[in-house]
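Hi everyone, thanks for making time for this.

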Amino acid sequence: MVARHWLYFGGFVVTAIAIVGAGLMGVFEGLSVLSGGVPGSEELAVLTMLSAAAEWIVIVLVLGLIALVFLTAAVVSILRNASLPRDDRLVTLVTELERHFPLLRRFDVSAAVEPTTEDRKRELREQYVTGEISESTFEQKLAELMDETSSERGPQTESQVSVTTEDRSRK
């Protein structure tokens with residue numbers, strides 16, 4: 001199946017080609033007025049050309065709006081499917097942008113870039129392996145992370161507690 005963003009982008013391209021064609025037709029229509037003879041003043045010539053090409057101008061404007069809708073839909077579709085990096089600093093930035101631009105809240109980007117528990121565990125492991133933090137700091141931060149996770153989910157079952165304990169003991 002073809003991804004939606006490709007369909008939207010295809011609609012944008014076809015509409016853009018139609019805009020170019022309609023624009024050229026409008027130019028030819030306007031220039032054809034001059035073949036019948038040049039009116040007395042330049043302003044009258046321009047007004048005569050514009051009135052002859054008026055329907056093409058309207059068509060170009062309508063097609064331009066349609067192209068803008070297709071382009072916007074393609075960008076939104078790509079952003080929704082994009083793999084965004086997960087980072088606490090990025091969450092802070094996106095939250096600030098959402099506060100200033102309420103329209104962005106509809107896309108809930110801050111939730112998409114917030115690191116998951118697994119991301120946070122991976123980062124802690126990397127810090128421990130590279131020697132940035134000590135074993136006691138690693139265990140303390142991992143315990144805090146697990147406490148936050150368990151308080152968000154509610155009570156854990158025995159199997160979840162044993163998996164958590166195994167994960168801590170492996171480190």
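Let me begin with a question: is R99 buried or exposed? R99 is exposed, with a relative accessible area of 53%. Those words have cut-offs: buried means under 20% relative accessible area, exposed means over 50%, and partly exposed is in between, using a 1.4 Å probe and protein chains only.

A quick word on what we're looking at. This is a predicted model, where local features need pLDDT of at least 70, side-chain atom pairs count only at pLDDT 80 or more, and totals for chains, interfaces and linings use all residues. Residues are numbered from 1 along each chain as its sequence is written, and side-chain values use heavy atoms, with hydrogens and water left out.

Now, who is the partner of R99? The side chain of R99 meets that of E96 in a salt bridge, at 2.6 Å from N to O. By salt bridge I mean a side-chain nitrogen of Lys or Arg within 4 Å of a carboxyl oxygen of Asp or Glu. R99 and E96 are three residues apart in helix α4, so about one helical turn separates them. When I say helix, I mean a DSSP run of H or I with at least four residues; strands are runs of E with at least two, and the numbering starts from the N terminus. E96 is partly exposed, at 31% relative accessible area.

How many salt bridges does this rule give? The count comes to three, so let's visit the others.

Please move along to helix α6, which covers residues 117–129. Here E118 forms a salt bridge with K121, and their closest N and O atoms are 3.5 Å apart. E118 and K121 are three residues apart in the helix, which means about one helical turn between them.

D119 and R122 form a salt bridge with closest N and O atoms 3.1 Å apart. D119 is buried, with a relative accessible area of 18%, while R122 is partly exposed at 43%.

One last stop: where does D108 lie? D108 sits in the loop between α4 (88–100) and α5 (109–113). D108 is partly exposed, with a relative accessible area of 43%. D108 and E98 are ten residues apart along the chain, and their C-alpha atoms are separated by 8.5 Å.
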